[in-house]
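Here are my notes for your first read of this model. Keep the structure open beside them and go point by point.

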Amino acid sequence: MRHIISVLLENESGSLARVVGLFAQRGYNIDSLTVAPTEDATMSRLTLVTHGNDQVIEQITKHLHKLIEVVKLQDLSESAHVERELMLIKVKATSNEQRDEVKRCADIFRGQIIDVTAKTFTIQVVGTSDKLDAFIEALKGSVIMEVARSGVSGISRGEKTLTL
Amino acid sequence: MTSQNTKTEMLSGAAMVIRALADEGVEYLYGYPGGAVLHIYDALFQQSKVKHVLVRHEQAATHMADAYARASGKAGVVLVTSGPGATNAVTGIATAYMDSIPMVVLTGQVMSHLIGGDAFQETDMLGISRPIVKHNMSVRRPEDIPYLIKKAFYIAQSGRPGPVVLDIPKDMTMPNERYPYQYPETLKLRSYNPTAAGHPGQIKKAVTALLQAKRPIIYSGGGVIMGQASEELTALARKLNYPVTNTLMGLGAYPADDSQFIGMLGMHGSYEANMTMHHADVILAVGARFDDRVTNNTKKFCPHATIIHIDIDPASISKTINAHIPIVGLVKPVLAAMVAQLEQKKTKPDSKALESWWQQIEAWRSVHGGEYQQDTPVLKPQAVIEAVSRITKGEAYVTSDVGQHQMFAAQYYKFNKPNRWINSGGLGTMGFGLPAAMGVKLNYPDADVVCVTGEGSIQMNIQELSTCKQYGLAVKIINLNNGYLGMVKQWQDMNYESRYASSYMDSLPDFVKLAEAYGHVGIRVTKPEELEPALERAFALKDQLVFLDIHVDPKEHVYPMHVPGGAMHEMFLSKTKRT
């Protein structure tokens with residue numbers, strides 16, 4: 001099953017390598033990974049999407065906890081949460097027909113065209129990973145030149161927080 | 001970090017390293033100098049509190065420190081230079097990591113501004129050691145050195161212990177740059193706060209389950225040794241009158257001479273221990289991790305048992321075998337709490353069920369009971385270990401290397417005290433035995449320290465005979481010489497129709513002459529009748545290292561042995577018998 005694990009990590013050199021190393025070393029999967037500092041500059045928040053059975057996920061959270069630099073963590077998928085991923089996608093758009101089609105499609109997905117040239121459109125789409133997958137699928141008729149996805153970021157709904 | 005007053009001492013980074021070790025109470029530092037750590041060595045030279053032991057290869061330094069930690073419970077400390085100095089220490093760090101041994105390893109590093117530029121003797125030691133340490137850190141500012149050293153000891157020795165590497169770039173130790181020194185007395189980390197006491201509700205549940213058992217067993221591991229909980233374990237077992245088995249790492253936690261002790265369990269465990277485990281209805285696992293060398297096939301593991309698992313590391317619980325009653329905490333307070341609860345309870349163990357359980361166990365005991373062929377013209381390795389056990393009254397520190405001799409030592413030496421059996425259980429590091437014996441002897445000069453080894457393993461760190469001479473380390477080396485890599489040969493006999501691919505140790509040195517060349521005493525034993533007198537002589541030579549080159553039967557196998565892929569109770573009992 002797919003799990004989204006959010007981790008508060010001491011913002012020290014090598015701490016990210018430790019998390020990634022743990023997954024590589026013990027043969028766990030990383031489907032996506034995002035990391036950036038929080039409002040407190042001494043801490044980073046890392047969001048990791050992984051999959052595995054309950055036993056594997058339990059081991060993953062336990063081993064993450066064991067890392068000295070891990071301050072706190074939470075399996076977001078265990079309760080109500082919001083998740084978003086950002087995608088930048090560059091497509092070929094030369095003819096008027098192509099340009100109209102891509103524009104229409106982007107509108108349907110509430111995407112924004114953030115760069116335009118005579119031959120290309122670059123679109124930004126935000127949503128769940130499924131939605132981004134669907135957008136790529138919808139553009140199958142066009143020529144996709146490049147895709148850059150941020151990986152999933154997430155947060156609990158309501159009062160629940162992952163803070164110190 | 002802390003407020004600095006006018007009295008604060010000003011020290012160089014190098015001096016701070018040594019001073020912090022002294023303030024931590026470190027007596028010995030095991031290491032080898034080199035370019036990146038010369039400032040530190042110079043600071044070491046200018047004081048007398050911390051003493052340095054110069055090994056002949058960095059791996060030996062790590063094993064010495066490791067063995068000191070296993071014998072004393074306190075972290076051993078290693079100092080090596082950058083590059084090859086650090087990489088030579090890697091095997092020793094991994095050895096300590098696999099057995100959860102506290103160790104602090106200070107590795108030199110090239111100047112900060114050179115890092116990443118492929119400088120001379122530069123290796124990314126943080127990267128290399130990351131998967132085999134509990135934690136690693138590097139010094140970014142010289143003034144952080146006292147804090148980082150405190151942190152290294154704190155992390156290494158608390159929770160589930162393990163090795164910590166501190167990488168020190170050379171420019172952090174410049175002799176002419178001084179900084180205020182103050183060693184922190186305590187340390188608190190927001191991201192690391194290991195649990196100590198177990199959950200009271202879980203402990204209560206465990207006690208109830210234990211009292212309801214009809215066929216109980218206590219299975220204890222290295223956690224009881226490192227957690228210094230041998231006394232509590234013994235008290236609990238005696239109170240309940242339940243059988244006790246120890247893992248390879250846990251030997252000595254419960255006295256081997258006691259009638260409730262049924263031997264080691266696992267791949268080469270005793271028949272009775274493995275049978276008792278398989279048929280048990282309640283297993284109390286204490287500081288043990290259900291290692292593959294214990295469980296055999298996990299799918300067939302102890303099908304009738306309710307499993308209570310006490311461990312300081314939550315990740316060890318339900319990792320390979322699902323625990324029905326998990327208790328996360330230090331084994332010592334948890335066991336003490338269990339004993340206290342038992343004392344207050346009116347319910348007692350089911351004596352009738354226990355009586356028939358013990359009858360069954362006694363019957364199993366008589367099936368194999370560690371038998372081996374007696375009165376043979378060639379010496380049996382088991383007989384050698386039994387003789388050593390007898391002569392040292394089960395009280396020596398026994399270190400071992402890896403292979404058949406290690407298993408014979410574990411099976412036939414009667415360990416009655418904890419912290420006496422020192423071997424590389426998890427990583428299985430050949431070359432561990434001699435440096436380990438040295439580390440123990442240096443710190444316990446009055447104790448008998450025996451290194452049980454083989455002609456394969458001993459040659460992996462034989463250069464340390466020179467270190468032994470330098471520091472007068474009078475260890476007794478029991479070299480069970482059968483001319484083969486015995487355990488490899490055993491597997492080749494059992495699984496490869498005796499095709500001895502590279503398991504034959506041709507061109508062995510004359511170990512007696514070799515010992516003498518290093519300035520020690522060498523004794524060769526080739527006949528059974530020579531054994532006792534040779535051992536008597538060796539142990540009488542209190543101040544000398546004695547290398548006993550004992551020629552033993554090359555055909556001997558270690559039994560019992562788990563049938564691969566089978567359950568706990570499926571074993572080969574000899575070359576011709578199996579369960």
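1. Start with a term. Domain bounds here come from an automatic or database domain assignment. For chain A, that assignment gives domain 1 (2-78) and domain 2 (82-155). The centres of domain 1 of chain A and domain 2 of chain A, taken over C-alpha atoms, are 29 Å apart.

2. Some ground rules. This is a predicted model, in which local features need pLDDT of at least 70, side-chain atom pairs count only at pLDDT 80 or more, and totals for chains, interfaces and linings use all residues. Residues are numbered from 1 along each chain as its sequence is written, chains are lettered from A and ligands numbered from 1 in the order in which they are written, and side-chain values use heavy atoms, with hydrogens and water left out.

3. Look at how the two domains of chain A meet. Contact means heavy atoms within 4.5 Å. By that rule, 10 residues of domain 1 of chain A touch eight residues of domain 2 of chain A. Buried area is the accessible area (1.4 Å probe) that two parts lose on being put together, summed over both. For this pair of domains in chain A it is about 580 Å², and carbon and sulfur atoms give 51% of it.

4. A salt bridge is a side-chain nitrogen of Lys or Arg within 4 Å of a carboxyl oxygen of Asp or Glu. One salt bridge is found between domain 1 of chain A and domain 2 of chain A. R2(A) pairs with E83(A) in a salt bridge, with the closest N and O atoms 2.8 Å apart. A polar contact is a pair of N or O atoms within 3.5 Å; within protein, one must be able to donate a hydrogen and the other to accept it, and residues adjacent in sequence count only if both atoms are side-chain atoms. Four residue pairs (both at pLDDT 80 or more) are in polar contact between these two domains of chain A.

5. Move to chain B. Its assignment lists domain 1 (9-181), domain 2 (200-365) and domain 3 (381-558). The centres of domain 2 of chain B and domain 3 of chain B, over C-alpha atoms, lie 31 Å apart. Contact involves 15 residues of domain 2 of chain B and 18 residues of domain 3 of chain B. Together they bury about 1300 Å², with 62% from carbon and sulfur atoms. L248(B), L251(B) and H268(B) supply 41% of the area that domain 2 of chain B buries there, more than any other three residues.

6. Five residue pairs (both at pLDDT 80 or more) are in polar contact across it.

7. Next, the two chains. 20 residues of chain B are in contact with 23 residues of chain A. The buried area between the chains is about 1700 Å², 45% of it on carbon and sulfur atoms. On the chain B side, R130(B), R190(B) and S191(B) lose the most area, together 39% of what that side buries.

8. How many salt bridges join chain B and chain A? The rule finds three. R190(B) forms a salt bridge with D40(A), the closest N and O atoms being 3.9 Å apart.

9. Finally, the cysteines. A disulfide is a pair of cysteine sulfur atoms within 2.5 Å. The structure has zero disulfides over all chains. For C468(B), the nearest cysteine sulfur is that of C451(B), 9.2 Å away. Buried means under 20% relative accessible area, exposed over 50%, partly exposed in between (1.4 Å probe, protein chains only). C468(B) counts as buried because its relative accessible area is 1%.
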